[in-house]
Amino acid sequence: MNKTTKILLAGVALCAMSVDALAGSELLPGISTGIPLGVPLPEGLYVISIPTYGSRTGNGNHIDIFAAAPAWFIWSTPWTIAGGRVLFDAVSPYADVKVRSGPHFSGFLNPIVGAQLKWDLGGGFFGGFHAGVYFPTKNEMNALGLAHDYASFQGIGTLSYFKDGWNLTSTLVYGTGKSGVDGGPDWFNIDLTATKKIDKFEIGAVAFGSTDLSAPTPTYAKQSQFAVGGLVGYDFGRFNVQFKLTTDLTETNYGTKDTRAWANITIPLWNPAPAPKPVVAKY
């Protein structure tokens with residue numbers, strides 16, 4: 001075996017060890033922080049764009065990860081069930097992974113289509129449930145465990161206090177995996193938000209955690225993490241922007257701690273025209 005081949009194989013092995021830690025939760029932990037997910041949106045069509053960039057550095061490895069929900073479409077319908085607003089949503093996430101002094105991977109991840117049911121519980125409290133299905137996808141991201149060639153299920157329960165400028169939201173997410181070398185673990189995420197809006201500005205704290213609930217293979221090392229950070233935002237009227245910066249406080253089997261910058265950009269695309277006021281004749 002010549003020297004060039006040895007160097008190439010060593011690089012591939014290092015990459016495999018480094019990016020193996022990217023497997024785990026199919027939904028990027030922390031992605032819903034800042035969003036009052038329990039609140040039913042007014043009837044209409046919305047798009048939320050969530051780009052994020054972060055690095056995992058340590059133990060001689062450095063991995064840069066860009067991920068995005070480029071266009072998370074949400075349709076808040078005029079329909080209700082048991083007093084809860086019915087919503088439908090869909091998104092195709094994208095990721096770009098670069099191992100320093102190593103290979104570069106990019107591609108779309110598993111697209112998801114879901115349905116939501118949200119209630120106004122009174123007193124500023126809102127809550128609801130999501131259910132969604134990830135569809136199989138096959139590209140170079142499968143090798144990293146970021147995309148999967150199988151379908152899976154995701155369920156979400158969320159509760160928000162959204163009143164007097166406060167956004168206190170807790171979101172719990174469960175996802176299914178698949179056994180086997182080409183599979184992934186069952187997983188659980190929690191996203192937490194505590195912010196206050198003052199006029200058009202918003203400031204506060206966010207936190208999130210994730211953990212694997214199962215192991216797809218006997219040698220798989222279950223991963224977990226917990227991160228905290230801050231949020232600042234501004235309401236431009238036609239659209240709302242939030243910026244977040246988070247860092248891991250603790251991690252297990254990721255090998256390195258993650259520091260990440262985020263943005264939430266929410267844009268209403270369409271809302272129905274208000275009903276015309278009745279004409280009142282005056283004599």
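How do the residues of the lining of the largest cavity divide into nonpolar, polar and charged?

1. The model under review is predicted. In the lining of the largest cavity, 29 residues are nonpolar, 13 are polar and five are charged.

2. A search of the whole structure finds one cavity of 30 Å³ or more. The volume of the largest cavity is about 810 Å³. Its lining comprises 47 residues, with Glu-26, Leu-27, Leu-28, Pro-29 and Ile-31 closest to the centre. Strand β2 contributes the most to this lining, namely five residues.

3. The largest pocket has a volume of about 630 Å³. Among the 32 residues that line the pocket, Pro-36, Leu-41, Phe-162, Asn-240 and Thr-266 lie nearest its centre. Two or more lining residues come from each of β1 (44-58), β2, β6 (112-122), β8 (152-163), β9 (166-175), β10 (187-198), β13 (240-252) and β14. By class, the pocket lining holds 16 nonpolar, ten polar and six charged residues.

4. On the surface, a nonpolar patch is formed by Leu-45, Phe-73, Trp-75, Trp-79, Phe-88, Phe-236, Phe-239, Ile-267, Leu-269 and Trp-270, which together have about 930 Å² of accessible area. The elements giving two or more residues to this patch are β2 (61-81) and β14 (257-270).

5. One member of the patch, Phe-88, is placed in strand β3 (residues 84-91). Phe-88 counts as partly exposed because its relative accessibility is 34%, and that class lies between under 20% for buried and over 50% for exposed.

How values were computed: Residues are numbered from 1 along each chain as its sequence is written. This is a predicted model: local features need pLDDT of at least 70, side-chain atom pairs count only at pLDDT 80 or more; totals for chains, interfaces and linings use all residues. Side-chain values use heavy atoms; hydrogens and water are left out. Patches are made of residues with over 30% relative accessible area and no salt bridge: like charges are joined within 9 Å, nonpolar side chains (Val, Leu, Ile, Met, Phe, Trp, Tyr) within 5 Å. Accessible areas come from the Shrake-Rupley method with a 1.4 Å probe; for residues, only the protein chains shown count as cover. A salt bridge is a side-chain nitrogen of Lys or Arg within 4 Å of a carboxyl oxygen of Asp or Glu. Helices (H or I, at least four residues) and strands (E, at least two) are DSSP runs, numbered from the N terminus. Buried means under 20% relative accessible area, exposed over 50%, partly exposed in between (1.4 Å probe, protein chains only). On a 1 Å grid over the protein atoms alone, a cavity is a set of points where a 1.4 Å probe fits but cannot get out, and a pocket is an open set with protein on both sides within 12 Å along at least five of seven lines; lining residues have an atom within 4 Å of a point. Grid points are joined across faces, edges and corners, and a volume is the space filled by probe spheres set on the points. Ala, Val, Leu, Ile, Met, Phe, Trp, Tyr, Cys and Pro count as nonpolar, Asp, Glu, Lys and Arg as charged, and the others, Gly among them, as polar.
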